[in-house]
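Trainee: I'd like a close look at one spot in this model, and then how the rest of the fold is laid out around it. Could you take me through it in one go?

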Amino acid sequence: MTAALAARQVRLLGPGALLRLVFAGLLGVLTEAAGIGLVGTATWMLVRAADQPPLAALAVAIAAVRGFALVKGGLRYAERLAGHDAVLRVLADLRARAFAALAAGDRDAAASSGSLSSGSLSSGSLSSGSLSSGSSSSGDLLSRVVSDVDGVQDAVLRGALPAGVAAAVGLAGVGGVAVVDPRAGLVLLAGLLVAGVLLPWVGHRLTAAPASAISTARGDVTTGTVDVVQGVAELVAYGALPAALADTADRSRRLAALEARSATVAAVVGGAAAMIPAAVAVWIAVLVDGRTAAVVLALVALSVGEVVVPLAAAAVRHAELRGGLRRVRELIATAATPAAAPDATPPAVPAAAPDATSLAIPAAAPAATSAAASAGPSPASAAMAAAGDRAGGDPETVGPLDTAVDLVLRGVTVRYHADLPPALVDVDLRLPAGSRVAVVGASGSGKSTLLAAIAGRVPLAAGTVDGRPDGVEAWRVAGGVFADAHVFHTTVRDNLVLGRSGCQDTDLVRALTDAGLPEYADRLDDIVGEDGGKLSGGQRQRLLLARALVAPPPVLLLDEPTEGLDPAAADAVLDTALRAAGARTVVVVTHRAAELSSFDRVVHVEGGRTA
Ligand SMILES: Nc1ncnc2c1ncn2[C@@H]1O[C@H](COP(=O)(O)OP(=O)(O)OP(=O)(O)O)[C@@H](O)[C@H]1O
């Protein structure tokens with residue numbers, strides 16, 4: 001068992017680093033020994049001085065006190081230097097090995113999928129690695145790899161090294177005290193076992209479960225915050241931002257509560273451990289015969305006890321780091337495994353224990369039938385569901401407007417930056433209710449900006465968009481698929497619902513079918529990956545179209561909704577989508593001339609002006 005543990009550490013840290021750490025540990029033991037020698041000699045000297053002996057009788061002790069004090073300072077410095085040097089070397093090596101392993105996993109995934117489309121370190125590709133939980137975002141994974149590897153520093157400097165030093169100093173201390181007085185040795189041994197073994201074990205046991213919950217909660221907060229930030233425009237467009245922000249804040253509060261609980265355990269066991277050496281010292285002082293021996297042994301025992309006090313807090317910290325350390329070991333192990341041939345079964349990846357990964361969005365139960373029922377949604381998706389519930393309770397204030405609207409743009413000018421030329425210049429455009437308008441033009445001519453202006457997503461430098469009923473937010477009148485649309489790192493269902501009230505699965509299936517994505521009709525609980533990383537470009541675009549078709553506003557805006565599809569499929573999807581839009585106004589940005597026959601009007605945009 002010990003040999004296996006040692007072999008594991010050698011594999012993780014490397015033999016060279018272990019030797020350096022052992023050297024640092026030896027320096028640590030010598031430092032503590034010098035400290036204990038200093039306390040023992042100084043105590044003896046003070047007790048003897050009370051009897052006013054000739055100065056010569058104290059000369060050796062005086063020199064020894066000075067010597068111990070000087071040597072202790074130098075040794076402490078050398079120990080810190082050696083320990084940090086060893087650990088920093090270990091970290092540099094581990095980082096290189098961890099990133100090599102990630103890169104290798106990414107390459108393997110790309111090779112086996114025959115495509116590099118998901119890009120470096122995508123969540124899809126990382127899912128072949130040992131760290132991945134199919135639902136973790138690449139940002140979350142990367143930040144976790146970084147913090148997991150950094151955790152090794154804490155584990156070594158605050159855990160392994162002090163534990164080794166405490167064991168050596170404790171044994172030597174017990175032996176030394178026992179030689180003078182065996183009963184005092186036993187008392188010290190008992191105190192050390194309580195402070196250095198029992199309390200750390202209790203602390204570790206009490207914090208192991210919360211530590212795993214903290215890891216999960218931290219992953220939730222990271223993934224959710226990134227998703228909300230990346231999808232903020234989309235959340236605003238569907239009125240789901242306040243709920244998303246509230247949910248993210250809720251998750252942060254839950255994380256803080258878990259961390260506070262863990263910190264309380266650390267404080268209690270740490271505090272209890274800190275009292276043990278004092279109790280041991282008092283006990284020994286009472287127990288041992290002879291004033292000098294009693295005082296010297298008591299203070300020596302106190303000094304030895306101080307060495308084990310930090311172990312309780314270190315054990316609590318280890319409970320927090322345990323999952324991360326295991327992930328690092330697994331990652332390094334996969335890097336050491338020779339790459340499998342592309343057609344071979346992928347190398348067996350150690351199954352992550354429940355606390356090994358921070359599953360931000362656990363896979364939803366297949367039986368779930370609503371967004372709210374899907375298990376462990378991401379903050380954004382939970383917010384979407386919450387917004388949906390809210391909408392259900394108050395359909396007058398949230399959700400798209402359900403009356404026809406005539407919109408009119410008058411002299412609309414949009415300028416993204418004062419130093420840049422305007423992206424739209426003096427645009428007049430009528431959008432009568434039920435009209436079908438195609439917007440065409442060269443890349444960069446201003447088509448997406450025109451849609452953004454209609455939807456009220458950009459401030460107008462001049463002009464007005466008239467026709468929105470008073471007091472009704474712009475997103476409830478006009479919305480749909482925009483150029484910067486975001487796919488949330490959650491299920492197909494949550495991506496479709498996105499804040500709409502009362503959506504049934506039948507509505508979602510209809511929208512998927514209308515958008516040309518029927519293959520996902522029975523996969524509503526599939527996690528789509530970070531920004532839809534597990535979908536093809538065309539599927540991603542059709543998912544966005546389906547989202548827009550679930551409960552469209554009176555003016556449906558579609559920015560290149562069929563991008564990524566072959567021409568025949570694009571025509572079919574657009575036809576179905578236009579039919580699904582019913583009596584609503586539809587404005588479609590398209591590059592395809594063949595699609596134009598479906599529209600009553602074609603608006604050409606050139607240099608920000610319409611013709
Ligand atoms: N957020 C922004 N900040 C600054 N400039 C922008 C921004 N968005 C667009 N622009 C600029 O505004 C102009 C119009 O961009 P827009 O995206 O509306 O064009 P587009 O016709 O939709 O292009 P494409 O067909 O390539 O999507 C371009 O010059 C573009 O560089």
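Mentor: Let's begin with Asp428, which touches Leu409, Arg410 and Gly411 once residues up to four places away in sequence are left out. Keep in mind that this is a predicted model. Gly411 sits 17 residues from Asp428 in sequence, yet their C-alpha atoms are 5.4 Å apart in space. Asp428 itself belongs to strand β2, residues 424-431. Is Asp428 buried or exposed? Asp428 counts as exposed because it has 11 C-beta neighbours inside 10 Å, and the cut-off for exposed is 12 or fewer.

Now zoom out for some context. The protein chain holds 16 helices and 9 strands. Of its 611 residues, 50% count as buried. Take the contacts with a separation of 6 or more: 78% of them link residues 24 or more positions apart.

On to the sheet. Six strands make an open sheet with mixed pairing, in the order β5-β6-β7-β3-β8-β9. β5 (478-481) and β9 are the edge strands, and each has a single partner, so one side of each has no neighbour in the sheet. Helix α12 packs on this sheet and touches β3, β5, β6, β7 and β8, with its direction at about 155° to that of β6. Helix α15, residues 537-550, also lies across part of it, covering β5 and β6 and running at about 150° to β5.

You can follow the pairing strand by strand. β6 (residues 555-559) and β7 (residues 585-589) run parallel and are joined by 5 bridges. In that pair, Val555 stands opposite Thr585 in β7. β3 (residues 436-441) is also parallel to its neighbour β8 (residues 601-606), again with 5 bridges. There, Val440 has His604 of β8 as its bridge partner. The β8 and β9 pair is antiparallel, over 2 bridges, with β9 made of residues 609-610. Val605 faces Thr610 of β9. The hairpin these two strands form has 2 residues between them, and Gly607 takes a positive phi near 55° in it.

Next, the ligand. The residues around it are Tyr416, His417, Ala423, Gly441, Ser443, Gly444, Ser445, Gly446, Lys447, Ser448, Thr449 and Ala483. Sorted by class, that shell has 3 nonpolar, 8 polar and 1 charged residues. Which helix gives the most to the shell? That's α12, residues 447-455, with 3 residues.

Two backbone spots deserve a check if you're going to look at torsions. Most residues other than glycine have a negative phi. Gln52, although not a glycine, has a positive phi of about 50°. Gln52 lies in the loop between α2 (15-49) and α3 (55-113). It is exposed, since 7 other C-beta atoms lie within 10 Å of Gln52. Asp531 also has a positive phi, near 50°, and its place is the loop between α14 (505-514) and α15. Asp531, though, is buried, with 20 other C-beta atoms within 10 Å; the cut-off for buried is 20 or more.

The unreviewed UniProt entry marks residues 21-47, 160-180, 186-203, 263-286 and 292-316 as "transmembrane region". One more residue for you here is Pro182, which is placed in helix α6, residues 182-230. Pro182 is exposed, having 10 other C-beta atoms within 10 Å. Its C-alpha atom is 9.6 Å from that of Val288, although 106 residues separate Pro182 and Val288 in sequence.

Note on methods: Residues are numbered from 1 along each chain as its sequence is written. This is a predicted model: local features need pLDDT of at least 70, side-chain atom pairs count only at pLDDT 80 or more; totals for chains, interfaces and linings use all residues. Two strands pair if DSSP finds at least two bridges between them. Helices (H or I, at least four residues) and strands (E, at least two) are DSSP runs, numbered from the N terminus. A residue is near a molecule or strand if its C-beta atom, placed from the backbone, lies within 6 Å of it. Ala, Val, Leu, Ile, Met, Phe, Trp, Tyr, Cys and Pro count as nonpolar, Asp, Glu, Lys and Arg as charged, and the others, Gly among them, as polar. UniProt positions are given in the numbering used here, feature names are shortened, and annotations may be inferred rather than shown by experiment. Two residues are in contact if their C-beta atoms, placed from the backbone, lie within 7 Å. Axes are lines fitted to C-alpha atoms, for helices over the stretch in contact, and angles run from 0 to 180 degrees between N-to-C directions.
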